[in-house]
Amino acid sequence: MLTKKGGPEVLQVVELPMESPGAGQLRVRVKAAGVGATDLTMLGGNYPFAPKIPFVPGYETVGDVDAIGVGDSGFELGQRVAALTVYGGFAEFLVRGAVHFLPVPRAVFDRDAAAVILNFVTSWQMIHRVAKVRSGQTALVTGAAGGVGTAALQLLRLAGARTYAAASASEHDTVRGLGATPIDYRSGKLDHLTRALEPNGVDYVFDAVGGANIGPCVGALRRGGMVIAFGFMGAPGILSKLAMFSNLFIGARIRGRRGSFYGISALYRKDPVPPREDLPKIFSFLEESPCIAHSFDLLEARRAVELLARGSVEGKIVLIG
């Protein structure tokens, strides 16, 4: 449970009463939960899609149906399900509306299913619903060794795109193994480094960093190209966010490029249908396992978030129940 604002140390193991599912709800015994940057953001107590502190974090969950509320849920006891929970996943049991859950195919392992709910759906929707990437096009991914970054590289490769990955030198083997050409962003300006490989610029940039990084991302694009920003890693304050969005939407257009911002939580609250359509597609072709960096026991969420906060994780962290 997130007990107060602070760092990972404010995450505490607590015992809560067992909750019964209400009408139209499921109680799920959690078997795996993903850990991501949004869980770090929630520690500050100002994430707009989370309840007021205290609450249990946990953005994505896989588990077995343990109890079913009144009504036809469409699920059976013991059935394995997945959900984009946004919060509540770092628990042994979770109660949520049945409408949020999807069945998990038998061939997909628990930890793999948990690792793709947020990262792969985010990447899939940016690539196919926003950018509409076609085979033969080019793309640059920043934060490429992170959870969403590695997912994007895998999906871009499946889409037939030629990809470039901005990552530190120690992460180059990871991104190269996912089919991308690594770029050491610390060795120069990102737009210059990219254009040394693609003189006319790339078709798309998927940027996880934000903030001042938006300018070089726009510079790395060909005329008419698009930068899709996601997350707020490089823009912690209001003024930084305003400057970032101004550069993303206005600055890009002035320079003959396009800018777009993707946030899965806001989109899911507005329309839950697209994620529910896309996750089964991802499960269906999950022949190659997602890039999982570390696994912890379910109630070791604090240790997992502490590791994530250090900023050196390549791939995804998963909790196993």
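Colleague: In which loop is the place of Pro54?

Modeller: This is a predicted model. A cis peptide bond joins Ile53 and Pro54, with omega about 5°. Pro54 has its place in the loop between α1 (37-42) and β2 (60-68).

Colleague: Val86 is not a glycine, and its phi is positive. Does it count as buried or exposed?

Modeller: Phi of Val86 is near 70°. Val86 is in the loop between β3 (80-84) and β4 (93-97). Buried means under 20% relative accessible area. Val86 has 10% relative accessibility, so Val86 counts as buried.

Colleague: Lys132 also has a positive phi. Is Lys132 buried or exposed?

Modeller: Lys132 is found in the loop between α3 (119-131) and β6. Its phi is about 60°. The cut-off for exposed is over 50%. Lys132 has 51% relative accessibility, so Lys132 counts as exposed.

Colleague: Which residue in β9 is the bridge partner of Val141?

Modeller: Val141 belongs to strand β6 (residues 138-141), where Val141 and Ala139 are buried on one side and Thr138 and Leu140 on the other. β6 pairs with strand β9 (residues 202-207) in the parallel sense, over three bridges. In β9, Val141 has as its bridge partner Phe206.

Colleague: And which residue in β7 does Val141 stand opposite?

Modeller: β6 and strand β7 (residues 162-167) run parallel, joined by four bridges. In β7, the residue opposite Val141 is Ala165.

Colleague: What handedness has the β-α-β unit of β6 and β7?

Modeller: Four bridges join the two parallel strands. Helix α4 (residues 147-158) is the helix of the unit. The β-α-β unit is right-handed.

Definitions and conventions. Residues are numbered from 1 along each chain as its sequence is written. This is a predicted model: local features need pLDDT of at least 70, side-chain atom pairs count only at pLDDT 80 or more; totals for chains, interfaces and linings use all residues. Side-chain values use heavy atoms; hydrogens and water are left out. Buried means under 20% relative accessible area, exposed over 50%, partly exposed in between (1.4 Å probe, protein chains only). Two strands pair if DSSP finds at least two bridges between them. A crossover is right-handed if, with the strands pointing away from the viewer, the path from the first strand over the helix to the second runs clockwise.
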